[in-house]
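Please take a moment to look over the sequence and the model before reading on. The paragraphs that follow walk through a few of its features, step by step.

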Amino acid sequence: VSLQDWRERYEAELGSLKSFLKLYPDKFTVIAGEGRHFRVVKTSDGPAMRAIREIEDLLKHPECDGRIEVTRWRERFEEELGAFYDFLLTRPDRFVVLPGRGADDFRVVRTRDHLAARALEELDHQVGDASFDGNVRMPHWDEVYSEALGTLKGFLESRPDRFIVSAGDPLDDRSFTVEKCGDDIADRALKEVEEQMSSPMHDGKLRVSRWNERYRESLGTLRQFLERYPDKFHIIPGENSKFMVTRRSDLKAIQALRAIECLVDAANYSGFLEVPDWESRFAPTLGELRMLLESHKDLFEVSFESNGRLAVERTEEGQEWEAIAEIEEQLALVGNSGHVRIARWTEHYSQRLGSFRRFVEAWPGRFTVIPEPGNKFSVAKVPDDIVARACAEVAEEMAHPGYDGLLKLTSWSERYLPFLGTLRKFIQSRPSRFKTYNFGNVMYTFPATPSSSSSFSRRPRRTGVASSSSAAGPGVAATFAPRPVYSGAAI
């Protein structure tokens with residue numbers, strides 16, 4: 001029943017289609033989708049649909065070779081669906097079973113992927129022929145392929161790695177011509193991977209759309225392809241067959257940034273940056289020094305002299321560290337009950353840091369927010385013993401031979417998340433202990449050097465008030481005198 005048809009004929013008396021279906025759970029199972037979308041199966045098909053989804057999820061994994069095993073099939077599904085192999089044979093609309101090396105060895109592919117491979121074989125043969133005139137002739141497409149692959153034109157357009165589709169007769173919207181893509185398939189895959197890894201949102205996990213369908217036959221699995229370029233990609237193994245990928249150039253950039261920090265922090269630094277071995281050591285991988293500096297404005301401020309020299313200095317630390325120091329000073333006072341009052345937070349801090357409560361909640365590695373009756377709350381420093389243990393574990397991992405800057409404390413969520421927030425947040429909240437470098441959404445962590453930890457200095461305070469005992473913020477005005485410099489050395 002189409003949604004439009006339902007609205008016109010039934011909705012006035014029976015309500016929405018989804019609500020109606022839910023009235024008959026003995027007949028229908030409603031499966032939620034994205035937003036307001038949903039699917040419907042007969043209730044008797046429920047276990048079968050769950051099994052199908054699990055099998056398809058396994059087949060989607062980039063490293064899957066078709067030899068799959070559904071966890072506890074006998075216990076969960078066999079009574080209703082039969083043996084795993086027999087079930088696959090009952091769903092030719094979803095799966096194709098290919099024989100393997102022995103009687104019990106077989107591979108599973110999605111029917112769509114199997115048909116796509118057959119269609120591509122036909123298309124490659126036709127388009128690659130010397131006499132091909134740009135017009136694809138596949139009169140059997142609708143009968144053999146359309147149910148799984150859609151229209152011929154749509155399928156061709158979904159494979160820009162293989163075909164270029166152009167408009168044909170201007171008087172016929174359905175007319176089009178096709179030519180074979182002339183680029184090398186490995187170059188296209190490499191370009192797609194590098195574009196994704198250059199994105200500011202790249203988090204170390206590659207998500208190349210339809211890799212198995214588009215590239216696997218020619219290039220192997222995604223991981224096998226990446227391993228052919230050890231000069232470009234650094235692969236970090238994860239649980240089971242999962243992995244993360246970073247650029248080799250990131251590691252070289254970190255070496256360069258640490259060398260620059262040593263020069264800028266030196267007592268005899270003139271204010272003008274010159275890296276003696278830049279051209280021979282770093283330029284072949286990273287390019288111009290100026291480009292690296294400008295891509296890390298969180299670390300350096302760059303200006304130019306008329307003679308082309310680079311004037312470089314450390315970026316001034318953000319207001320957040322001034323606020324953190326002020327909050328921690330109050331919490332350390334004898335008799336403080338956690339009701340922090342900050343000099344006119346609204347005037348001095350809120351424009352950059354937001355509301356007081358939102359700010360302390362954003363730093364779970366340093367503060368715990370304790371709700372109180374009404375909209376009130378108090379603030380406590382996170383327990384020093386837990387912080388010390390977490391810091392010790394991080395330091396122990398960083399001391400391992402071959403440490404590459406990427407922390408892998410797999411038990412963090414279970415052991416520390418309720419007390420210290422995510423590992424990333426905790427590391428960022430301890431600049432006196434850890435130095436971080438960010439490339440996109442990938443964070444590298446190293447022990448802080450004395451120069452980097454001492455750079456978190458406290459600026460003089462100003463006037464005003466905000467209080468943790470009130471949700472609104474402003475309280476009684478007060479003036480705070482400048483305090484000693486905050487070194488950030490304490491945990």
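Predicted model: local features only at pLDDT ≥ 70, side-chain atom pairs only at ≥ 80, totals over all residues.

**Rings, charges and strands**

Phenylalanine 106, by contrast, has a relative accessibility of 18%, so phenylalanine 106 falls on the buried side of the cut-off. The rings of these two residues form a pair: their centres are 4.9 Å apart and their planes stand at 70°, so the arrangement is edge-to-face. The pair also links distant parts of the chain, since tyrosine 85 belongs to helix 6 (residues 84–89) and phenylalanine 106 to strand 4 (residues 106–110), with the two residues 21 residues apart.

A pair of aromatic rings is described by two values, the distance of the centres and the angle of the planes. A search of the whole structure finds 25 aromatic pairs. One of them joins tryptophan 6 and tyrosine 10, whose ring centres lie 5.0 Å from each other with 45° between the planes, and this pair is tilted. Tryptophan 6 counts as buried, with a relative accessibility of 5%, whereas tyrosine 10, with a relative accessible area of 29%, is partly exposed. Elsewhere, one aromatic cluster is formed by Trp321, Trp345, Tyr349, Phe356, Phe359, Trp363 and Phe377.

Aromatic rings can also be examined together with charged side chains. Arginine 309 lies over the face of phenylalanine 272, at 3.7 Å from the ring centre, and lysine 435 lies over the face of tyrosine 437, at 5.5 Å from the ring centre.

We can now turn to the strands. Strands of a sheet pair through backbone hydrogen bonds, and they do this in either a parallel or an antiparallel way. Strand 7 (residues 233–237) and strand 8 (residues 243–247) pair in the antiparallel sense, with five bridges between them. Within this pairing, phenylalanine 233 has arginine 247 in strand 8 as its bridge partner. Strand 7 and strand 8 form a hairpin in which five residues lie between the strands, and in the turn asparagine 240 has a positive phi of about 55°.

A further group consists of three strands, which form an open sheet in the order 9-11-10 with antiparallel pairing. Which strands stand at the edges of this sheet? They are strand 9 (272–273) and strand 10 (300–304), and because each has a single partner strand, one side of each is left without a neighbour in the sheet. Strand 10 is joined by five bridges to strand 11 (residues 310–314), and the two run antiparallel. One of the residues taking part is phenylalanine 304, whose bridge partner in strand 11 is leucine 310.

How many disulfides does the structure hold? The structure holds zero disulfides. Cysteine 262 has a relative accessible area of 58% and is therefore exposed, while cysteine 391, at 0% relative accessibility, counts as buried.

Of its 491 residues, 39% are buried. The accessible surface comes to about 28300 Å², and carbon and sulfur atoms contribute 50% of this area. Among the contacts with a separation of 6 or more, 52% are between residues 24 or more positions apart.

Notes. Residues numbered from 1 in each chain as written. Heavy atoms only, no water. Pairing = 2+ DSSP bridges. Helix = DSSP H or I, 4+ residues; strand = E, 2+ residues; numbered from the N terminus. Buried < 20%, exposed > 50% of the residue type's maximum accessible area, 1.4 Å probe, protein only. Contact = heavy atoms within 4.5 Å. Areas by Shrake-Rupley, 256 points an atom, 1.4 Å probe, with all protein chains shown as cover. Phe/Tyr/Trp six-rings, centres within 6.5 Å; stacked < 30°, edge-to-face > 60°. Lys NZ or Arg CZ within 6 Å of the ring centre and 35° of its normal. Disulfide = S-S within 2.5 Å.
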